[in-house]
Amino acid sequence: MPPAPERGLAEAERVELTVDAIAPGGHCVARVDGQVVFVRHALPGERVIAEVTEVHRGFVRADAVTVLDPSPDRVEPPCPYARPGACGGCDLQHVAPDAQLAWKTAVVREQLVRLGGLTDAELDKLGVRVEALPGGLLGWRSRVRYAVDAADRAGLLKHRSHEVVPIDRCRIAHPAIQQLPVLTERWPAAEAVETIASTGGDVTVTEIRDGVPTLVSGPAEVREVAAGRDWTLPASAFWQVHPAAADTLCAAVLDLLDPQPGETGWDLYGGAGLFAAALAGRVGDARITLVESSRDGVDAARANLADLPQIEVVAARVETALTRRRITGPVDVVVLDPPRSGAGAQVVRDIVAAGPRAVAYVACDPAAFARDVRTFTDLGWRLAALRGFDLFPMTQHVEQVGLLLPPLIAL
């Protein structure tokens, strides 16, 4: 008789395993009888007891619930909710600070090799690493969205779940947000509560009911300070959540692009105009075109950049603006700051066709960035420089700024 097939792991089953390499998404990889297990709350090299949380065809997900042989990089999480079965907002609170940077660097490298088609030697030459931002690992998050449970209590969600975890406070939230009474009040009929502590000193609370925001406290527009300018924007408009992020990214973009007086520029997915303003400060009266589809972003850009008439704000999706020639080349420098899903092959092709001398790509997802890098390289371009920044300490997220150059352009 043929041997009986091996039984796969079942949900809620506990199994002892040895953790292998870091994987994207805040997991590490392990294998049990050939079955792939993505394990949270673990570190490479550890021997743990893991509890299966999800079963999929070809792999399972699990949480390390008992650590038998800890890694030297393991620390006690500063938040009591950063554990299996509790809040899913932080992925790496059990990881020492330097090891968090190494973790994110490993993810960036792996994605650029596997999806971007680069070699380890090329990445070594680029000196790929993730840098910490000032301010430490806690108290940095200036925008927090709380979910509301059936008992009208605000809290945070479990990992990959709609279940709300009531908490006393979020340790990575800005101190001004931690001091708000959001978590002690009841929120009948609300599905979420959004909070902001801006770099300009404004603190707001907004209640979301049936998708409609209603301001509860604080100003309807908040002030941010970045790139040597004051910015006023609606509480609903996008802004970076780390207080040091905007200045850090602007500095990296300007350093890599090195825009010169008289050069024209595009700021694609430009939001309120942070990068457009930074470019204008270097190129003088040369034309800068900002493209943004969000109404809040367009309105904020037009209001905040009114003193810079060389900046044109185009209200459109980037894909539409390029394919329908709402904007046209030639252009000298491009800042590309797409959403998490990336720019996509058609946008990359249209940028290349416009003939810029350089593109600064600001990326919040290593996989999407790597796929777009692959498209650039397939078109003859190259990733000439790359910097990583830990804009989201304690989480698995990482920001990158890459410099892409056309053929025969040297640094």
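Predicted model: local features only at pLDDT ≥ 70, side-chain atom pairs only at ≥ 80, totals over all residues.

Colleague: How many salt bridges does a search of the whole structure find?

Modeller: The search gives 26.

Colleague: Which residue does Arg 109 meet in a salt bridge?

Modeller: Asp 120, at 3.5 Å from N to O. Arg 109 sits in helix 1 and Asp 120 in helix 2, eleven residues apart. Asp 120 is partly exposed, because its relative accessibility is 45%.

Colleague: And what about Glu 312, where is its partner?

Modeller: Glu 312 pairs with Arg 287 at 2.5 Å, N to O. Glu 312 lies in strand 18, while Arg 287 is in the loop between helix 5 and strand 17. They are 25 residues apart. Glu 312 is partly exposed at 30% relative accessibility, and Arg 287 is partly exposed at 49%.

Colleague: How far apart are Arg 295 and Asp 299 along helix 6?

Modeller: Four residues, so about one helical turn separates them. Their closest N and O atoms are 3.2 Å apart, in a salt bridge.

Colleague: Which residues are linked with Arg 47 in a network?

Modeller: Glu 16 and Asp 69, through salt bridges.

Colleague: Switching to helix 8. Which residues are buried there?

Modeller: Val 347, Val 348, Asp 350, Ile 351, Val 352 and Ala 354.

Colleague: What covers the buried residues of helix 8?

Modeller: The cover includes helix 7, helix 9 and strands 16, 19 and 20.

Colleague: What comes just after helix 8?

Modeller: Gly 355, with a positive phi of about 75°.

Methods
Residues numbered from 1 in each chain as written. Heavy atoms only, no water. Buried < 20%, exposed > 50% of the residue type's maximum accessible area, 1.4 Å probe, protein only. Helix = DSSP H or I, 4+ residues; strand = E, 2+ residues; numbered from the N terminus. Contact = heavy atoms within 4.5 Å. Salt bridge = Lys/Arg side-chain N within 4 Å of Asp/Glu carboxyl O.
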